[in-house]
Amino acid sequence: MNATNDPLLDVSGLQKRYTSSGTLAIDNVTLDVRKCEFVSIVGPSGCGKTTLLKTICGLLHPTGGSVMLDGRLVTAPPPEMVLVFQDYGRSLFPWLTVEGNVAFPLKKKRLGPEKKRAAIDEALRAVNLERFAKHYPWQLSGGMQQRVAIARAIAFSPDILLLDEPFASVDALTRAELEDLTLKLRDTLGITMLLVTHDIDEAVYLSDRVFVLSPPPSVVVRGFDIPLGRERDQEGTRSDPRFLELRNEIHHLIGRPRTDLPQPAAAR
Amino acid sequence: MRNASLPAKRLYWGTPLQRNLLGIAVVLLALVAWELVARAKSSIYIPPVSTIATTFVHEWFSPQFREHAIPSLMRMLAGYAIASLLGVALGVLIGAYRPLFRLLDPFLQFLRAIPPSAIIPVGILLIGIGDAMKIVVIAFGALWPILVNAADGARNVPRERLDTARIFGVGKTDQLLSVTFPSALPGIFAGLRTGLSIAFIMIVVSEMIGSTNGLGYYILQSQRSFAIPEMYGGIVLLAILGYTLNAAFLAVEHRVLAWHHGQSARPV
């Protein structure tokens with residue numbers, strides 16, 4: 001599957017001011033995501049990335065600009081778009097098993113029992129958790145729990161996944177594993193990905209394009225094409241001179257020294 | 001995970017069986033001490049345990065049980081059931097809607113501060129001294145802890161959990177049942193437990209004022225007619241019933257909240 005030129009998601013002049021505090025979180029964000037593309041948004045910590053994703057997916061109402069998904073204006077969470085939160089501990093339902101969590105979004109889908117079963121199995125297989133269907137999320141490791149959240153999202157069969165720093169709360173090895181899993185899901189299921197992260201390396205490694213966000217009130221500082229091809233691998237891609245060059249350029253733009261470890265994002 | 005619980009184990013002595021035997025030994029020791037003191041003093045106000053035990057068997061393994069214990073239990077269960085249903089339903093609603101919570105919280109805290117026994121005169125005035133008054137008084141006493149705890153639980157559902165439900169197209173009413181209610185269950189059970197002990201207190205108090213049967217009536221009546229071993233026997237029966245109800249409650253809680261206990265046992 002190749003990226004085509006039709007924009008699936010079209011965000012233009014998006015602005016979000018919180019009515020209660022009057023804070024302008026997002027000033028003016030314009031970006032587009034094409035079908036089957038992997039796009040990342042990077043920016044310094046606290047630059048309103050979560051607010052941006054919540055506004056894009058219709059959980060928050062923008063105070064200016066618009067979000068179009070496949071040509072339709074987004075005013076409430078549309079069924080073609082799912083947001084995966086960073087904190088799986090808070091977004092998963094601890095009283096449901098892994099299987100129950102994955103079945104949750106299917107409730108509204110009016111599927112027969114067999115189709116439902118098939119959808120659950122397929123989603124669990126896609127994230128390699130079929131053996132853990134009867135476990136509870138809290139019995140699994142952090143990386144596995146985030147895979148449950150991803151399985152739950154893809155069971156809903158969306159066209160696009162919005163990922164809010166989904167790998168920030170896991171260790172480095174698990175992180176690499178989850179990164180490659182998302183790339184695989186984009187390719188095998190044809191799901192478009194929009195990732196928000198503060199990890200520039202991660203953004204460059206995963207993406208076809210990267211948008212750099214300013215500190216709040218956020219605007220898009222610049223967009224980068226990442227011409228590293230479709231196939232990425234943790235060692236090869238990350239040592240590619242073009243990868244290093246792009247990474248350094250973005251670091252320079254954001255204006256802080258390269259740090260190997262991501263910021264602890266749990267404290268929010 | 002296993003290691004994390006190791007230091008705590010030092011607090012206990014011996015095997016579980018040894019600990020249980022020790023617990024029973026303490027009870028037996030206390031009974032023997034009572035027996036000895038009572039025999040030494042030979043006061044009719046402190047009959048020996050053996051006398052109380054004989055009276056107890058004679059009094060309660062008889063139709064008396066149906067005459068006094070069953071009405072008490074029925075009133076208590078009726079009042080408790082009303083308090084549970086109302087408390088959980090209203091509590092979850094109030095907790096889920098922030099404006100409602102802000103509006104009602106001071107009022108609820110005020111009502112909750114009233115010692116439930118203080119409303120017995122009001123109950124007698126408005127409803128008379130029949131079963132209805134006792135049920136209402138029990139329900140009134142047990143309602144507030146249940147309601148306030150349910151509201152607290154419903155108010156503190158992680159934002160991400162509700163957002164996730166919204167993203168999957170689950171409407172407000174459905175969210176209440178499928179996300180807010182289960183999330184609030186730990187709080188609800190804390191309230192139900194407090195409510196149960198208050199209901200138990202209220203049944204005795206309400207039966208001591210204006211009643212012709214029930215355990216409260218029986219205990220007071222025995223005291224007034226100098227049937228001292230009977231009076232103690234009634235108290236022992238209350239203790240046994242209270243202990244049994246609490247054990248049954250814990251068994252239910254253990255089943256329903258297995259996920260919660262499992263989750264809290266792990267360091268996150």
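These are my notebook entries on a predicted model with chains A and B.

**Entry 1: the sheet of chain A.** I traced the strand order in chain A. I found an open sheet of ten strands with mixed pairing, ordered β5-β4-β1-β2-β10-β9-β3-β8-β7-β6. I then looked at the edges, where β5 (72-73) and β6 (81-84) of chain A stand. Each of these two has a single partner strand, so one side of each is left without a neighbour in the sheet.

**Entry 2: one pair of strands.** I picked β9 (residues 209-213) and β10 (residues 218-225) of chain A. They run antiparallel and are joined by five bridges. I looked up V210(A) as an example, and its bridge partner in β10(A) is F224(A).

**Entry 3: where the chains touch.** I listed the contacts between the chains: 20 residues of chain A meet 16 residues of chain B. On the chain A side, β6 and α2 (88-91) are the elements that give two or more residues. α2(A) gives the most, with three residues. I sorted this side of chain A by residue type and got 15 nonpolar, two polar and three charged. I note that β6(A), an edge strand of the sheet, also belongs to the side that touches chain B.

**Entry 4: a helix of chain B.** I followed helix α2 of chain B, residues 16-41. Its 26 residues reach 38 Å from the first C-alpha to the last, close to the 38 Å expected at 1.5 Å a residue. I checked how many of its residues are buried, and the count is zero, so I wrote down that α2(B) is hardly covered. After the helix comes S42(B), whose phi is positive, near 40°.

Methods
Residues numbered from 1 in each chain as written. Chains lettered and ligands numbered in written order. Predicted model: local features only at pLDDT ≥ 70, side-chain atom pairs only at ≥ 80, totals over all residues. Helix = DSSP H or I, 4+ residues; strand = E, 2+ residues; numbered from the N terminus. Expected span 1.5 Å × (residues − 1). Buried ≥ 20, exposed ≤ 12 C-beta atoms within 10 Å, placed from the backbone. Pairing = 2+ DSSP bridges. Contact = placed C-beta atoms within 7 Å. Nonpolar A, V, L, I, M, F, W, Y, C, P; charged D, E, K, R; others polar.
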